[in-house]
Amino acid sequence: MTTISPATMAAVRASKAIPNAEYLLSAEGVRKEFPGVVALDDVSFRLRRGTVHALMGENGAGKSTLMKILAGIYHPDEGTIKLKGVDVRLQSPLDALENGIAMIHQELNLMPFMTVAENIWIRREPKNRFGFVDHSEMRRMTAKLFERLKIKIDPEIEVRHLSVASRQMVEIAKAVSYESDVLIMDEPTSALTETEVGHLFEIIGDLRSHGIGIVYITHKMNELFEIADEFSVFRDGKYIGTHSSTDVTRDDIIKMMVGREITQMFPKEVVPIGDTVLSVKNLTLNDVFYDISFDVRAGEILGVAGLVGSGRSNVAETLFGVTPASSGSIEINGKPIRIDSPNTAIRNRMAFLTEDRKDTGCLLILDILENMQVAVLQDQFVKGGFVKEKQAYAACEEMSRKLRVKTPNLYERIENLSGGNQQKVLIGRWLLTNPRILILDEPTRGIDVGAKAEIHRFVTELARDGVAVIMISSELPEVLGMSDRIMVMHEGRVTGFLDRAEATQIKIMELAAR
Amino acid sequence: MNTNLAAETAGNAVSGSGRRLPQELNIFFILIAIALIFEVLGWIFAGQSFLLNPQRLTIMILQVSVIGIISVGVTQVIITGGIDLSSGSVVGMTAMIAAGFAQSSTWARAIYPSLTDLPAIVPIATGLIIGVLAGLINGALIAYTRIPPFIATLGMMVSARGISKWYTKGQPVSGLTEQFNFIGSSVAPVVVFLVVALIFHIALRYTRYGKFTYAIGANVQAARVSGINVEAHLLKVYAIAGLLAGLAGVVTAARAQTAQSGMGVMYELDAIAAAVIGGTSLSGGVGRITGTVIGTIILGVMTSGFTFLRVDAYYQEVIKGMIIVAAVVVDVYRQKARRKV
Ligand SMILES: Nc1ncnc2c1ncn2[C@@H]1O[C@H](COP(=O)(O)OP(=O)(O)OP(=O)(O)O)[C@@H](O)[C@H]1O
Ligand SMILES: [Mg+2]
């Protein structure tokens with residue numbers, strides 16, 4: 001798979017002769033079918049030198065698929081791809097890289113047991129004169145790269161110790177290190193907080209000024225206005241249009257994306273707040289977070305904000321028994337409970353949507369049905385050990401319809417779904433269990449605008465039914481829009497609580513960065 | 001509009017059209033192909049039919065029944081992402097220990113002269129319990145100390161073989177009661193195999209136990225976060241594998257009407273081979289009992305076919321080795337193909 005087609009190499013050389021082709025990279029009439037789905041139908045796309053080109057569209061619109069074609073991962077069924085004006089057939093990701101096209105994937109792809117530096121230079125390791133990997137040179141190269149990108153991560157640390165956001169930054173550094181002409185970023189900010197997003201935008205601005213073309217996929221509208229020069233919209237595998245990002249409004253884009261208008265972004269309802277359901281006192285996990293105390297009441301949505309590394313996700317994991325606490329106590333409905341495993345947590349009617357859907361969420365090789373029903377089978381739809389297939393299927397089917405999971409049927413493997421649709425399946429997994437305490441870690445990660453409002457509506461409904469909700473989110477508008485109260489964390493400690501009425505982005509940032 | 005798409009097509013899926021064709025179909029065709037090749041070679045080299053010989057087919061399936069019984073357990077272990085190297089040794093160990101309680105009073109050199117002529121249920125239960133214990137030890141080591149399955153079961157493989165040799169200082173255990181021998185007589189082993197296969201086919205397919213087994217193999221972290229008690233479940237799976245190895249040990253002793261410490265040597269590899277040939281993936285999360293049954297029969301057909309063609313036993317092993325490697329290569333290739341479209 002690693003061979004480079006002669007035609008492509010020739011094309012690259014030829015490209016030097018045409019330095020000023022109008023488009024760096026273009027695709028015309030691209031079609032791609034998967035069994036049962038037309039992912040792309042007669043799609044066009046043109047990327048100019050030194051610009052940031054955003055791709056917008058609902059979950060499953062075909063954005064990732066198109067980018068995977070441009071990065072040599074999939075081969076189109078029909079259509080042509082031109083690199084600097086020359087026809088190319090990209091054979092493999094390596095082929096694409098050699099031709100100056102690098103891609104940051106929607107899901108993280110780093111090797112957990114290798115160091116940051118090893119991950120970045122994988123297959124390009126500097127060698128010493130004996131042909132062995134030259135570790136000190138590799139360290140130097142990484143340090144230089146990180147200095148240029150102003151990234152502060154220890155190059156020698158094993159990736160498994162990093163937070164999702166730090167891993168994302170490593171992926172970004174890795175992609176930049178290829179010094180490519182085209183850099184494709186598939187939802188790079190879905191796991192980043194505002195600070196890193198700002199940092200990433202500086203990097204992007206710098207790359208753009210060096211003439212690099214950047215394709216930027218996102219579901220976040222504000223990012224589009226902030227960073228993109230132009231944008232293209234896709235809907236259901238079809239190309240809708242390309243516009244400059246200065247002459248449209250947010251509503252125009254949404255209309256192009258979903259073909260209808262979305263009335264209300266954060267459908268927050270004020271519901272009566274009941275008794276305390278979950279009470280956490282002095283919860284500590286040594287070296288990670290300390291002395292966390294808070295209450296959540298029935299019907300209340302507690303937002304949790306904080307920078308990367310503030311320990312937000314760790315607190316959630318400990319509450320759910322994934323990594324049991326070193327000290328402190330948890331009470332549910334007034335009763336002290338030791339939660340030593342997720343199994344115990346579920347038996348206490350808790351649910352936990354994790355942040356990293358690939359590592360701790362999806363059963364990738366299994367189908368949607370199995371993925372959705374796995375948690376609820378703990379205490380429902382089972383009789384004498386046998387699964388009541390019909391009922392379980394009906395429940396999953398209804399849930400996938402409610403959440404608008406885009407798939408031909410429930411027997412599709414979850415790995416074949418688009419990122420946003422995978423997320424919806426995982427949300428469905430937990431909603432099926434009818435929790436009383438719902439912990440959501442980045443619930444709308446990778447979810448399109450329409451579906452986002454939908455999911456927020458779900459959460460609101462649950463709150464109305466008396467569910468206590470803890471919602472961790474890096475998107476401040478989401479936290480502000482949905483929470484009754486906001487808990488802000490900084491370096492493993494709670495720095496303050498804000499009521500809905502008083503909370504603003506600035507106040508949160510002050511508490512988060514203290 | 002997406003909503004409708006999902007709803008419509010999901011409706012079809014209930015009636016079965018959405019489910020992809022079972023992979024076992026391919027393996028079944030391979031079985032047919034192999035059988036036909038032997039048929040043709042039979043007419044060419046031996047001047048007779050390979051398949052149209054009921055006696056040969058019966059012997060063939062009898063020979064692999066014991067492997068089949070173990071393989072049903074091993075398949076489940078592999079689906080969780082583990083491996084069981086101890087099953088062959090556990091067969092030897094349980095055969096010896098069970099036979100010790102199955103001796104007839106007419107036999108002069110009984111191990112326990114005061115415990116002869118016991119009802120068959122005693123040795124059978126003993127064999128099964130010893131098997132379960134071995135499996136529980138495997139499972140506990142793997143689930144609670146996090147030793148890799150390869151190492152834990154390798155330890156059991158060596159120890160169990162040691163126990164079966166030490167038990168009678170290498171002497172065979174003979175003079176077994178008629179009643180005990182019955183479960184190894186005639187086609188009884190085949191019946192045991194098929195019943196075991198059916199039970200666990202249903203268990204994997206339709207029970208929560210089965211769903212959780214696949215979930216653990218697919219992504220152990222996600223399975224744990226989804227509330228599965230992974231440790232307890234692995235304990236169950238390895239205990240079942242031990243139970244089936246114990247059952248295989250009992251059947252082996254009964255069939256041979258004697259037990260020897262060398263019984264079951266290398267069976268673990270045949271059992272793993274049967275599972276892998278049948279489509280079980282060594283990376284976990286994928287596999288079905290129907291495939292394993294076909295894989296077992298493929299092994300049987302090959303042994304029987306080579307013997308029928310009078311192929312040297314040494315060559316037989318070489319060829320079997322190559323086929324096992326080929327099956328794994330196919331598995332790896334399948335995994336890759338999944339990622340690329
Ligand atoms: N390998 C595959 N096999 C089958 N179907 C696939 C495969 N990859 C993508 N699809 C389907 O193609 C369609 C487009 O998927 P794609 O991942 O490109 O969407 P997307 O626009 O990136 O969505 P998201 O915003 O959720 O990431 C989806 O319906 C998806 O289910
Ligand atoms: Mg995508």
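Contact here means heavy atoms within 4.5 Å. I'm working from a predicted model.

**Entry: A:Thr284**

I started with A:Thr284, which sits in strand E11 (residues 276-285) of chain A. I skipped its neighbours within four places in sequence and listed what else A:Thr284 is in contact with: A:Phe289, A:Tyr290, A:Asp291, A:Ala325, A:Ser326 and A:Ser327. Is A:Thr284 buried or exposed? Its relative accessibility is 10%, so I put A:Thr284 down as buried, the cut-off being under 20%.

**Entry: chain A against chain B**

Next I looked up the interface. I found 52 residues of chain A in contact with 40 residues of chain B. The two chains bury about 3,900 Å² between them, and carbon and sulfur atoms give 57% of that. Which three residues supply more than any others of the area chain A buries against chain B? They are A:Ile365, A:Glu389 and A:Tyr411, with 14%.

I noted 2 salt bridges between chain A and chain B. In one salt bridge, the side chain of A:Glu389 meets that of B:Lys211, 3.7 Å from N to O. Several elements of chain A each supply at least two residues to the side that touches chain B, including strand E1 (23-34), helix H14 (389-402) and helix H15 (419-431). I sorted the residues on that side of chain A into 25 nonpolar, 11 polar and 16 charged.

Methods:
Residues are numbered from 1 along each chain as its sequence is written. Chains are lettered from A and ligands numbered from 1 in the order in which they are written. This is a predicted model: local features need pLDDT of at least 70, side-chain atom pairs count only at pLDDT 80 or more; totals for chains, interfaces and linings use all residues. Side-chain values use heavy atoms; hydrogens and water are left out. Buried area is the accessible area (1.4 Å probe) that two parts lose on being put together, summed over both. A salt bridge is a side-chain nitrogen of Lys or Arg within 4 Å of a carboxyl oxygen of Asp or Glu. Helices (H or I, at least four residues) and strands (E, at least two) are DSSP runs, numbered from the N terminus. Ala, Val, Leu, Ile, Met, Phe, Trp, Tyr, Cys and Pro count as nonpolar, Asp, Glu, Lys and Arg as charged, and the others, Gly among them, as polar. Buried means under 20% relative accessible area, exposed over 50%, partly exposed in between (1.4 Å probe, protein chains only).
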